[in-house]
Amino acid sequence: MSVTPYTVGKNAAIGISLRERAVGGLWQRPVPTLSEGPRESVSFAELLKGHRGRSGLTQQQLADFATLSVRAIRDLESGRVRRPRRESVGLLADALRLGDPERLQLHAAGGSPADLRVAPLELPAPSVPPALPEPPAPPGTLVGREAELQVLLDQVTVYGHRLVSVVGISGIGKTHLVLEAAQALRAKGWRVGWHASAGDPLCCGAIPAAGSGSGGPPPGAAYLTDDLVGAIGERHELLVIDGGDASGPGRVDVGELLRRCPGLRVVVTGLTPRYLPGERVLPLTAMAVPEEARDYDYARLSEVESVALFLSHMRRSRPAFRLREDNAHAVVRLCRWLDGVPRALEYAAGWCLVYPPELLLSRAGRDSSLLSSPAGCGCQDLLRSVARSVDTMAECYRHVLAEVADRPHWTVGDLDHLVPDPAAALHALLVHGLVRPAGAHLPERFTALHLVRLLYARHRAPAGVARAG
């Protein structure tokens with residue numbers, strides 16, 4: 001695999017790692033390493049924020065991978081804690097997959113006394129682009145996605161598709177699914193690389209992605225693709241790109257990458273497909289929810305995907321929680337109200353440390369803050385995430401969604417007067433994960449996610465207030 005002299009020479013001259021220049025921005029100032037010598041004093045907070053931005057992780061994700069609290073991450077990045085424990089710095093360096101120079105500098109900025117006497121000149125600059133990082137470990141056990149996991153693995157291994165896009169709304173579990181697939185493939189001997197695109201611009205103060213996402217490769221995509229080609233070489237058989245629909249410098253030109261690396265296969269997550277030749281799309285939809293009933297078989301109820309995931313989150317904070325006659329109906333209605341969206345179920349289970357399921361359900365329609373993380377990360381608002389998915393659709397499909405959002409259920413025939421090709425409109429809404437089948441009791445009927453209804457209700461509220469005034 002050939003690499004341009006410009007790319008190799010530049011990387012060899014400054015010893016810059018792939019993640020340091022490719023993720024956080026087009027030409028962001030690289031974090032100085034010990035091999036460059038002490039150019040200026042850099043605080044621990046600045047170093048940590050820079051490394052996290054370049055890795056594409058949110059504060060919550062970094063906290064999960066480092067087994068620290070998200071509050072600890074916020075305190076470190078804000079500078080409220082200037083001398084963290086040496087063990088915490090080591091966990092952060094492991095989660096960020098820092099190389100030796102960056103790890104030593106992070107320890108030094110945090111005041112760790114160990115491993116700081118290494119002579120800078122003893123650290124040789126790399127002569128070739130560094131290998132890609134390995135995928136991080138999945139954040140816990142995968143619940144209720146066994147069928148989707150098998151489909152994804154079959155697409156890559158059995159059918160040999162070179163590009164598989166896992167698409168769906170934010171919080172539907174795309175990253176967790178591809179991490180499980182990567183772990184399974186690595187266990188079988190596959191060489192798997194990991195690339196996280198620019199972080200969610202609505203989350204944890206991540207740098208907003210530049211550009212308009214007009215369809216073509218954004219500025220800087222060619223440089224990033226060059227680096228990935230050089231890093232992949234013959235060392236990787238599969239590349240997982242998480243957040244592949246990010247616009248701006250964090251976006252990879254996947255078509256060019258596949259052309260220049262003919263032996264490579266790519267799995268990418270995003271809100272929408274890439275619409276490239278040979279692409280296979282795996283829409284990740286909301287999990288199964290239980291039907292309403294007067295009485296429940298608790299053993300069977302706990303096997304429903306959404307209920308099983310909700311209970312697994314509940315028992316992290318309330319280990320003694322069990323389904324009983326006095327709480328089963330509230331749990332069922334919560335899972336149905338949240339459409340079986342994994343992140344919504346996780347947030348609800350977290351709030352149950354404050355409110356029991358029955359009280360949480362009564363507050364759900366009045367308190368929109370319950371659709372955000374109880375850990376205090378208010379920018380992870382599920383309605384804002386759904387709004388991003390709506391905005392990625394063509395205007396005619398957004399019009400259709402606005403018209404059917406408040407209807408309990410509808411058929412493809414009900415869209416005839418709204419759009420010239422109603423089947424294509426329904427297909428787009430399903431692929432984006434904004435609507436779902438109404439249920440086995442209503443065949444051939446569909447309904448918008450409750451989160452979509454809440455989103456449109458939020459947008460209509462100011463107009464209603466204005467009219468009332």
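Here is a short walk through a few helices and strands of this structure.

A quick word on ground rules: this is a predicted model, where local features need pLDDT of at least 70 and side-chain atom pairs count only at pLDDT 80 or more, while totals for chains, interfaces and linings use all residues. Residues are numbered from 1 along each chain as its sequence is written, and side-chain values use heavy atoms, with hydrogens and water left out.

Let's start with helix α4 (residues 59-66) and helix α5 (residues 70-78), whose axes come within 8 Å and cross at roughly 115°. That makes α4 roughly perpendicular to α5 (the label covers angles of 65 to 115 degrees). On the α4 side, the contact (heavy atoms within 4.5 Å) is made by Gln59, Gln60, Leu62 and Ala63, and α5 brings Val70, Ile73, Arg74 and Glu77. Sorted by class, that makes four nonpolar, two polar and two charged residues.

Further along comes helix α6 (residues 86-96), with Ser88, Val89, Gly90, Leu92, Ala93, Ala95 and Leu96 as its buried residues (buried means under 20% relative accessible area, with a 1.4 Å probe and protein chains only). Just after α6, Arg97 takes a positive phi of about 55°.

Now jump to strand β2 (residues 192-196), where five of five residues are buried. In a regular strand, side chains alternate between the two faces of the sheet. Both faces of β2 are covered, with Val192, Trp194 and Ala196 on one side and Gly193 and His195 on the other. As for its partner, β2 pairs with strand β3 (residues 238-242) in the parallel sense over five bridges (pairing takes at least two DSSP bridges). Within β3, Leu239 is the residue opposite Gly193.

Notes. Axes are lines fitted to C-alpha atoms, for helices over the stretch in contact, and angles run from 0 to 180 degrees between N-to-C directions. Helices (H or I, at least four residues) and strands (E, at least two) are DSSP runs, numbered from the N terminus. Angles under 35 degrees count as roughly parallel, over 145 as roughly antiparallel, 65 to 115 as roughly perpendicular and the rest as oblique. Ala, Val, Leu, Ile, Met, Phe, Trp, Tyr, Cys and Pro count as nonpolar, Asp, Glu, Lys and Arg as charged, and the others, Gly among them, as polar. Buried means under 20% relative accessible area, exposed over 50%, partly exposed in between (1.4 Å probe, protein chains only).
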